[in-house]
Amino acid sequence: MTQSTATFVNIGERTNVTGSAAFKKLVMAGDYAKAVEVARQQVENGAQVIDVNMDEGLLDAEHAMTTYLKLIAAEPDIARVPVMIDSSKWTVIEAGLKCVSGKPIVNSISMKEGEAEFLKYARKAMSYGAAIVVMAFDETGQATTVDHRVTIAKRAYKILVDDVGFAPEDIIFDPNIFAVATGLEEHARYGLDYLEAARWIRQNLPHVQVSGGL
């Protein structure tokens, strides 16, 4: 993710049960004290945002999310950085939004369930004062080409800014980056397509942020 000054914002993702086996083990064991130390280490190592994800089938994700967020909110050296509330379930995201201070980041919403659902979640996020990550999905699926990414970004920007009243600087587009250097011919343009889409977004949708680069 980048800012308009082109300096990178580093997101700490070790506090994510889907991305860190060590963190998942701590949370599954109920060892939240040590799980909090993972967040502290992330901040000490330069993370400017902490991504928290509790999407594990054997967890009560809402309980785990709220428990963890309340604990790190009580730690001044951790709470000085924003929290990215990361879940595939809106109920988990909203549970997290209710127990954080400052400006959180919702990760994520998309138009894959249609415009009405997109509007609903966008308005809820704005009511909590949150920034949002918008994935490059629509009703037809995940965008893989530059044109599809651009079409989704233009449409989402118009809805968010014109219809919802979202501040453009609180919108973070994730144009989808796929596997690169696989050696497969059909994957040869994946990296370039991502970069071209990200560049278009930065140049044509004023004040938004882009997740992943540029």
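This is a predicted model: local features need pLDDT of at least 70, side-chain atom pairs count only at pLDDT 80 or more; totals for chains, interfaces and linings use all residues.
Residues are numbered from 1 along each chain as its sequence is written, and side-chain values use heavy atoms, with hydrogens and water left out.

I placed Arg40 in helix α2 (residues 32-44), helices being DSSP runs of H or I with at least four residues, numbered from the N terminus. Arg40 counts as buried because its relative accessibility is 14%, buried meaning under 20% relative accessible area with a 1.4 Å probe, protein chains only.

Next I turned to the nonpolar cores, each a set of buried Ala, Val, Leu, Ile, Met, Phe, Trp, Tyr and Cys residues joined through side-chain atoms within 4.5 Å. The largest has 59 residues, and those with the most contacts inside it are Val27, Met54, Tyr68, Val106, Ile109, Val134 and Phe173. Helix α7 (residues 146-164) gives the most to this core, with 7 residues. I also recorded a second, separate core of 9 residues, which includes Met84, Ala131, Met135 and Phe137.

Leaving aside neighbours within four places in sequence, I found Ile109 in contact with Trp90, Phe118, Tyr121, Ala122, Ile132, Val133, Val134 and Met135.

Finally I checked α7 against helix α8 (residues 190-204), where residues including Val150 and Ala153 in α7 meet residues including Ala197 and Trp200 in α8.

Note on methods
Buried means under 20% relative accessible area, exposed over 50%, partly exposed in between (1.4 Å probe, protein chains only). Helices (H or I, at least four residues) and strands (E, at least two) are DSSP runs, numbered from the N terminus. Contact means heavy atoms within 4.5 Å.
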